[in-house]
Structures are given as C-alpha cells and as structure tokens.
Amino acid sequence: MNKTKLALMGGVPAVSIPAPGWPISGELEVAWMEGVVRSGQWSWLGPHERAFCSEFAQFIGCRYALLLCNGTVTLQCALQAVGVKPGEEVIVPALTWVATLQAALDIGARAVVVDIDRETYCLDPKAAEKAITSRTKAIIPVHLYGCMADMDAITSLAKKYSLKIVEDVAHQHGSRWKNKGAGSLGDAGSFSFQQSKVLTCGEGGAITCNEEEVYQKAFCLKHVGWKPDLATPGNHYGHNYRMTEMQAVLLRGGLRRLPEHLKIREENAARLAEGMKKLNGPVRTARRDERVTRQSYYALTLHYDQKKALGLLRNQYLAALAAEGFPLGTPYLPVYRHPLLNLYDETSPVPYREKEGIQKYRELLLPVTEQVVEKEGLVLMHQHLLGPKEYLDQLLLAMAKVNDNLTRVKNYFQKIKGEEK
Ligand SMILES: Cc1ncc(COP(=O)(O)O)c(C=O)c1O
C-alpha cells in the first residue's frame, strides 16, 4: 500500500520524468526542406509528393495513395469517389471526431449515426445493420484511438447489402487487420496528417485505394478537375484540396520513423496493459482483438469502472492522477451533440434533410456511446507511449498511489463540495 501524501493534497507527484513531446522531426527533413525551398517547386505533384505517395501506398499495402490538404476533405472526396450521391445514406459511428459526420453531410449525403461497441468504442456492426435501408450506400468504420473496428463483420455487411466501405484511418496509420493495412480493407481509406496524429505534416490527409477508377475520381475531385496526368481534364466537379511539397517532406521523414514508433508504442501499450492488470484497480486497457496483427495507437483506449473506484467520479479520479503527473483524457463527445458541430445553424445543410425526418440528431441518445462518453471512456495520447520504460513505470506508480488512496480522494472532493455549499 502506498500511503504517501497524494499530489492532489500537496504531496510530491509520482511522475518526475518529463512526458515525451510531439511532433518529432529530424535533420533529413531540414535538409530536404531547404532543397524544396530553393527548387521553387512547392506544389503540383513535386518529387517528394510523388515519392511519398508510392512509399505510403507500399506501407499501407494498396495500389494508390494521393495527398490532400486535410483529413476532412479526404473523407468527402473518398465518399464521392466510391460513388456516394446526394440523398444517399452513409452510416457513421456516434463516437468520432466531428469531421466524419460533417464530410458525409457536406457532400449532400444523409449521415445516419449509429451506436458503438462497448469494448473498442468503434462502430457496432449490429447497430449498423439495423440502420441499413434501401438508400444506404456506404459505411464509415472509424478505427478510433487504440482499437480497430470489426472489419470482418463490416466487410460481410458491405457484401450482403452492396455497400461501399470508406475506412476513416485518421487515428491509426499502420494498423493491420489479419496482416492487411487499415486503409486497404474497404473501397477507400481516409487518413489525417494533422499535427496530433502519429504521422503528421501539420495539416494534411491522404486517400488510399486499390481501384483505378476510385483513384482517378478522387484525384480529379482534389485537383480542380485535372486527371493524374495533370494535362487532361477529368469529368468531375473538382476543388483545390492540394497539399504542398514542404508538407510532403515532413511526411517522408515521419514515415521513415513510423515503423519503429509503432513497435515502441505496441510494446509500451502491452507494458501498461500488464501493469494495470496487476494493479487490478478501476482502470484497464481495452482488450486486444487477436485479428489486429498490428495496432497503431493515436491513443491507448482505456475503461474506467466507477464501482471499483468506490464510487469516485471519473473526473475526480482523473484529477488525482493528473496531479501525480499521469494525464489521462476522456473521449470525444458524441458526434450528434458536439458543440462544435452547429448542425442547426442556418448555414448548415442539415435542416433541409431534417424536414424529411431522417434522424433528429439533437434528440439522439445512443446508450453505449453515452455510457462511454459520460462514465467509462478514457484515453492516453500516443506520445506517452513513446516514453522510456522508467517513465511508463512511473505512470503505473502514480496509478497505484491513487488506487491505494481512493477513500482519501473521495473525502477530499466531498470536503470541497461541502465548502462550496
Ligand atoms: C477520426 C477522425 N476523422 C477525421 C478527422 C479529420 O482530420 P483533419 O483534422 O485532418 O481534417 C480527424 C481529425 O482529428 C479524426 O480524428
């Protein structure tokens, strides 16, 4: 039992080793960047962009990869490229970043929000099946935080009902389902390279696919209607969603480090899982599905059990842990009630579809999503999984310290509440 004074109450924090920083860059990018600046070719499929596209396609295990300016327009273009038309329905999970829902809405599709799986926090295939209608055209499994969506079940749904799959891989560059890369398992994959992601160039995104037709169409959509030969107009209504050569340089550098980072994060995630199991406290890691042959972590997915914490609220537990230097976070809010998604603002495309009564987002209350968001869900961001073993051991010590003092933490918050009255 660790009865040393909690940091929450003025004691010494258990974690003294600084948390690893993010993003990371190397000298190679600096040298390449200088070359790009001097070259004057800053955009329009320069040598680094071309090289990265083939390196990334090889890394994911698909035929094509193309770069766009963020991981929201990648979703839009991917949906359009696989053939989603305005008015058709697209199934999205309730727990994801707002962009997933927004991308479907912005191309005029009807986004149908469904509940998530209690263990992985990813789209629940059973809930998805119940939501399928004659107008359903596509499904977007989001591989969220540190678990993949059940791609066997989702692939069978897609086959059974002739649906297109657009994987949202914004969180999991390098994950593999039965040895196949996330992003190559459906009709198209959508990646984000925004600054917090495990492969980043500040802002950016990629679409991956195997079909030439999907590639050609996605290219036209992001390159103002040009075909990939940059000389022939395609026959799609395109936009300028291009990326710059400077960003491609950062991605090429990051991709060289990624395999090693993936390995370190997987080892450290296993170390934390084992450590938390031994502690047998209120926090545990999500179970690893053995069909996931490589797990990439945007964050480690965790579960909080309030009963095991003697009734301590999740935020109180988190505050005690954060004071010790172990910064756990909570998941996104449900996409149907996220404050950033002003679905009922007059500039939103939603009210027009709402008249037809598809789904009243504001009234949705999906039970598993609510339970996870309000009570059970926790995440540890990926950079912590790059720390040295000593750092991870200190995180576990911090957790052990809080677990050994749950009653004290509870009393501390009760006292504060009493004083506030
Ligand atoms: C699951 C998910 N999908 C899509 C996106 C959108 O990516 P971007 O921020 O690059 O537009 C994000 C970004 O955080 C995300 O987390």
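**Core, size and backbone of a predicted model**

Q: How many residues are in the largest nonpolar core, and which have the most contacts inside it?
A: A nonpolar core is a set of buried Ala, Val, Leu, Ile, Met, Phe, Trp, Tyr and Cys residues joined through C-beta atoms within 7 Å. A residue is buried if 20 or more other C-beta atoms lie within 10 Å of its own, exposed if 12 or fewer, and partly exposed in between, with C-beta atoms placed from the backbone. The residues with the most contacts inside the largest such core are Leu66, Ala78, Leu79, Val90, Ala104, Val113 and Ala218, and the core has 126 residues.

Q: Which helix gives the most to this core?
A: Helices (H or I, at least four residues) and strands (E, at least two) are DSSP runs, numbered from the N terminus. With 7 residues, the helix that gives the most to the core is α8 (residues 245-279).

Q: On what kind of model do these values rest?
A: Residues are numbered from 1 along each chain as its sequence is written. Local features need pLDDT of at least 70, side-chain atom pairs count only at pLDDT 80 or more, and totals for chains, interfaces and linings use all residues, the model being predicted.

Q: Which residues does Ala218 touch?
A: Two residues are in contact if their C-beta atoms, placed from the backbone, lie within 7 Å. Not counting residues up to four places away in sequence, Ala218 touches Leu66, Cys77, Ala78, Ala81, Ile207 and Cys209.

Q: Why does the radius of gyration of the chain agree with a compact globule?
A: The radius of gyration is taken over C-alpha atoms, and the globule rule is 2.2 Å times the number of residues to the power 0.38. For 421 residues a compact globule would have a value near 22 Å, which agrees with the chain's 23 Å.

Q: What share of the residues in the chain is buried?
A: The chain has 13 helices and 13 strands. Of its 421 residues, the buried ones make up 49%.

Q: Where is the cis peptide bond that leads to Pro23?
A: Pro23 is placed in the segment before α1 (27-39). Omega is near 5° for the cis bond, which runs from Trp22 to Pro23.

Q: Is Trp44 buried or exposed?
A: Trp44 lies in the loop between α1 and α2 (47-60). Its phi is positive, about 60°, although Trp44 is not a glycine. Because 12 other C-beta atoms lie within 10 Å, Trp44 is exposed.
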